[in-house]
Amino acid sequence: MMVTSNNLSAQQKTVADNSKPIVLFVEFQFDSKDMDLAVELLTEMQSQTIENEEGCIAYDMLLNVEEPNTIYMYECYENKVALDAHNNAPYFKKIVNDKLKPIIKAQKILKLNPINDIGIMM
């Protein structure tokens, strides 16, 4: 008797997961004295990403009205390949790793998958 399963094999699941859109919701907290520099750096990162990355669907910056030293980033990528390209881009390393990280007071990153693709333009 052969038993079959509706579950995907680990390899098939990995391929399926890698082809799904990926959303990052990032929360940054800065000292008030560093907010102007943080906005400048994040704006440059946003410009570079939108200009150079076809796999980037959305890249939005949001300022928390109730906590003025908190900035949120909403980023959406077509798939894991697009996210990896973003994280390995030379401007990412220069802006985020070299300049932004030293002024970040606290950071939280949520990595999310959309429940469905409705509304995501690809």
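Colleague: Is Asp-36 buried or exposed?

Modeller: Asp-36 counts as exposed, at 68% relative accessibility (buried is under 20% relative accessible area, exposed over 50%, partly exposed in between, with a 1.4 Å probe and protein chains only). Keep in mind that this is a predicted model, where local features need pLDDT of at least 70, side-chain atom pairs count only at pLDDT 80 or more, and totals for chains, interfaces and linings use all residues. Residues are numbered from 1 along each chain as its sequence is written, and side-chain values use heavy atoms, leaving out hydrogens and water.

Colleague: Where does Asp-36 lie?

Modeller: In helix α2, residues 35-52; helices are DSSP runs of H or I with at least four residues, strands are E runs of at least two, and both are numbered from the N terminus.

Colleague: New topic: how many salt bridges does the structure hold?

Modeller: Three, a salt bridge being a side-chain nitrogen of Lys or Arg within 4 Å of a carboxyl oxygen of Asp or Glu. One of them joins Lys-105 to Asp-31, with the closest N and O atoms 3.6 Å apart. Lys-105 is in strand β4 and Asp-31 in the loop between β1 and α2, so this pair ties together parts 74 residues apart in sequence.

Colleague: And which residue does Lys-80 pair with?

Modeller: Asp-84, at 2.8 Å from N to O. Both sit in helix α3, four residues apart, about one turn of the helix.

Colleague: What about Asp-34, buried or exposed?

Modeller: Buried, at 12% relative accessible area. Its salt-bridge partner is Lys-33, and Lys-33 is exposed at 66%.
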